[in-house]
Amino acid sequence: MLHKLKKHRKNKHFKNMVLFGAGVGIIFLGIIVLWVSSLRIPDFRSFEDRKVSNSTQIYDRTGEVLLYDIHRDVKRTNVLFENMSPNIKNATVAIEDSEFYNHNGIRITSTIRAVFSNIFNIGIGGGGSTITQQLVKNTLLQKDSGFGRYVRKLKEWVLAVKIDKSMSKEKILEAYLNEIPYGGTIYGIEEASKTYFNKKAMDLTLAEAAYLASIPQSPTLLSPYGKNKDKLEDRKNLVLSRMLELNFISEDEYNKAKSEVVTFLPQSTSGIKAPHFVFFIKDYLENKYGADVVENGGLKVTTTLNYELQEKAEKFVKEGALDNEKNWNGENAGLVAIDPKTGQILTMVGSRDYFDKEIDGNYNIATAKRQPGSSFKPFIYATAFNKGFTPDTVLFDLKTEFQTTCDADGKALPGHNQDECYSPDNYDGNFRGPMTLRNALAQSINIPAVKLLYLVGLGDALKTAEDMGISTLVDKSRYGLTLVIGGGEVTLLDMTASYSVFANDGVKNPQTGILKVEDINGKILEEYIQKPKDVLPKNTALTISNILSDNIARTPTFGANSVLLVPGKEIAVKTGTTNSNRDAWIVGYTPSITVGVWAGNNDNTPMKKGGAAMAGPIWNKFIAEALKILPNEKFEKPNLEVDIQKVKPVLRGFWQGNESFFIDKISKKLATAYTPKETLEEKIITNVHSILYWLNRDDILGPAPSNPDNNQQFMHWEVPVQRWWEQNEWRYPVTTWEDAPTEEDDIHNEDSKPDVRVIEPKDTIYYKANEKIQLKISNIGRFPLQKIDIFVNDAYLGTSEYPFNFSFYPKDLDILREKNEINIISYDTVYNRGETTSVFKVED
């Protein structure tokens with residue numbers, strides 16, 4: 001405090017502030033004197049007159065299905081001081097108020113700090129409310145805001161002092177331990193002891209007491225049934241440390257209690273639906289509004305949960321996890337479903353059974369960090385498509401050493417450890433040679449994915465994932481090329497939300513579980529507002545969806561009729577499996593819903609199968625059921641055309657080389673500017689190298705590097721490619737510059753274009769609006785006509801093929817004038833294109 005006050009001495013107004021503070025202090029003292037003589041103290045032998053707690057209620061998205069009433073089944077059993085274990089008394093005093101037996105209800109130093117902090121707006125740390133103050137706050141006072149909170153604080157101080165004078169310390173501590181919340185609907189130490197350990201408060205061990213003394217600080221956050229067991233463990237150890245410092249326990253007792261393994265009873269199943277989701281929402285509410293408001297404020301919370309789908313999800317997850325446990329040694333699973341158009345969480349299942357203690361069922365796997373395996377690959381491929389790669393780009397799937405402190409054969413260089421070498425395998429141990437990015441992603445092949453991550457850059461790939469909704473990969477220094485096959489840790493909730501960006505054409509809607517929060521008076525505290533943000537180019541998102549929904553492309557890995565296929569539905573889907581089958585993932589989506597499933601064991605025990613086998617059946621059953629009540633939407637097709645003049649051959653799928661010439665397929669001669677794209681054929685000069693020979697990873701669309709050897713990875717990629725080519729060259733035709741024609745295409749030129757004349761309608765007569773006009777043309781061009789496109793006043797009328805029987809009525813035209821222009825675009829049998837224009841007149 002002195003340090004902070006020294007800073008204020010530099011302020012010329014400090015003296016005035018101190019005088020003002022002193023004046024305010026005198027006023028406060030006067031108020032305190034008046035209150036000391038006027039405030040009545042209730043009878044604390046019975047707490048029947050305790051303040052009324054208004055229960056917060058959490059509903060599904062309809063506002064009709066009650067998921068959880070926080071105080072529906074409040075449990076409280078009062079117990080006398082002598083029937084409480086000394087361990088819980090000492091543990092509570094140690095962590096909450098170590099000066100409890102020495103002060104008079106408040107700690108003067110803490111009170112002064114609070115006054116200065118409020119008057120001067122100085123953040124002065126140290127000290128919380130005493131046990132007596134907490135008792136007053138929890139039983140006698142209502143929560144206030146604004147100026148009312150200062151008045152409330154003064155009342156708290158005054159009442160604490162009066163209570164301390166009128167009651168013994170033992171009775172105050174007894175009242176406190178009978179009153180404080182221990183999580184959910186559990187109040188008082190006796191009920192907490194029964195609920196968590198099935199024993200009386202008198203019989204608590206030191207370690208058990210330390211755990212229970214830890215919980216009241218934040219009952220939801222530190223719940224032994226929640227996801228923050230590490231935080232509970234840390235606070236339990238802090239309680240024991242404080243008891244040791246205060247000589248409440250010996251060093252030996254401290255060590256034994258710290259190492260004691262304490263087992264909590266399974267959580268009660270009464271009065272809650274969708275429990276993982278409910279406590280996910282409760283955590284959110286407590287972080288935003290505070291635990292006291294959530295516990296006692298009477299909030300009405302309307303969530304995004306679709307309870308009809310939630311029930312189905314819980315059923316399929318439990319059935320699937322039990323089957324997996326029986327057949328594949330995987331006992332748990334979780335599922336999240338999100339509406340990609342809104343970001344609203346429709347279902348959340350955090351385990352096969354929230355109340356199954358044997359599998360830590362209360363642990364929410366939907367928000368737990370797990371390695372994603374190959375389900376992370378789409379973020380890498382999306383980054384690549386943003387940079388100019390195409391689904392046709394080819395990378396070599398060959399055994400490749402990626403660690404540059406090892407040679408191309410995977411042997412450590414002098415001075416380096418063999419363990420540093422990194423040469424990943426594919427799921428089946430096979431290598432396929434040249435593969436398009438489409439096939440590599442659809443079939444989940446590892447080597448091309450690792451190469452692609454190197455080509456696009458780790459930083460850019462992580463940014464793509466972060467922009468789309470992955471929040472856990474914050475320390476970029478931890479990751480390397482293993483990231484693409486699951487080297488980081490993500491959550492099922494984040495993965496499902498991020499895939500929703502693909503489903504929503506590159507637009508991110510932040511994930512949310514809240515539709516509306518109202519206070520006890522019906523005032524809306526918050527309400528869902530859509531906040532869409534473009535985080536991915538639309539065509540990139542459509543391209544990923546196009547690949548992940550390509551059943552033909554994925555068939556070599558998964559088969560034609562796998563669990564990834566839902567008949568009659570167009571669904572994009574990706575699986576993932578981590579090392580030793582410790583995690584099995586599948587995330588799939590339509591434009592209407594995104595569904596993610598994880599299967600595995602909470603303790604990372606390996607399983608016998610991976611993503612499709614373990615998580616696939618659960619995912620397939622659920623999404624098929626969900627799509628029965630959702631629109632049968634299809635993905636928009638991406639634009640996959642590339643400009644052959646701007647995009648180099650190696651990016652367009654030509655692995656044989658990056659130099660080419662074009663011929664006309666009909667004349668077999670060199671193509672010219674007149675050669676139509678229908679007859680254009682590109683011939684690649686055979687010069688097989690790895691892509692690093694032709695491509696600069698810092699300038700993907702730019703020229704080839706002048707010295708590819710400067711890239712440390714080059715020889716590691718090049719050596720396997722050259723060895724493969726030596727063994728396989730005989731399988732492929734070879735093209736050299738000597739194969740290029742010397743003559744130019746003479747079928748497609750200016751003189752060869754169709755020369756069409758419009759015979760009917762004539763430009764010399766007037767036609768009636770309801771008169772049928774029969775189109776008649778003639779062609780004196782070099783080749784016969786194949787088809788014509790007809791336009792009138794720039795509006796397309798139709799296409800006609802030989803023998804060109806086409807007619808129309810002027811009255812049916814979108815735009816009809818007295819003088820109208822008819823335009824004929826003609827194509828001959830060798831794809832030459834011509835254009836002619838004529839006019840015809842129509843009577844008013």
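**Note on the five-stranded sheet**

1. Five strands form an open sheet in the order β7-β6-β16-β15-β14, and the pairing is antiparallel. The model is a predicted one. β7 (344-349) and β14 (572-577) are the edge strands. Each has a single partner strand, so one side of each lacks a neighbour in the sheet. On average, neighbouring strands are turned by 10° against each other, direction ignored.

2. Take the pairing of β6 with β16. β6 covers residues 332-339 and β16 covers residues 594-600. Seven bridges link them in the antiparallel sense. In this pair, W598 of β16 lies opposite G334.

3. Two helices pack on the sheet. Helix α14 (residues 307-328) touches β6, β7 and β16. The direction of α14 makes about 35° with that of β7. Helix α20 (residues 538-548) contacts β14 and β15 (583-589). Its direction makes about 75° with that of β14.

4. β14 and β15 run antiparallel and are joined by six bridges. G576 has W585 of β15 as its bridge partner. The two strands form a hairpin with five residues between them. Within that hairpin, S580 takes a positive phi near 60°.

Notes
Residues numbered from 1 in each chain as written. Predicted model: local features only at pLDDT ≥ 70, side-chain atom pairs only at ≥ 80, totals over all residues. Heavy atoms only, no water. Pairing = 2+ DSSP bridges. Helix = DSSP H or I, 4+ residues; strand = E, 2+ residues; numbered from the N terminus. Axes fitted to C-alpha atoms, helices over the stretch in contact; angles between N-to-C directions. Contact = heavy atoms within 4.5 Å.
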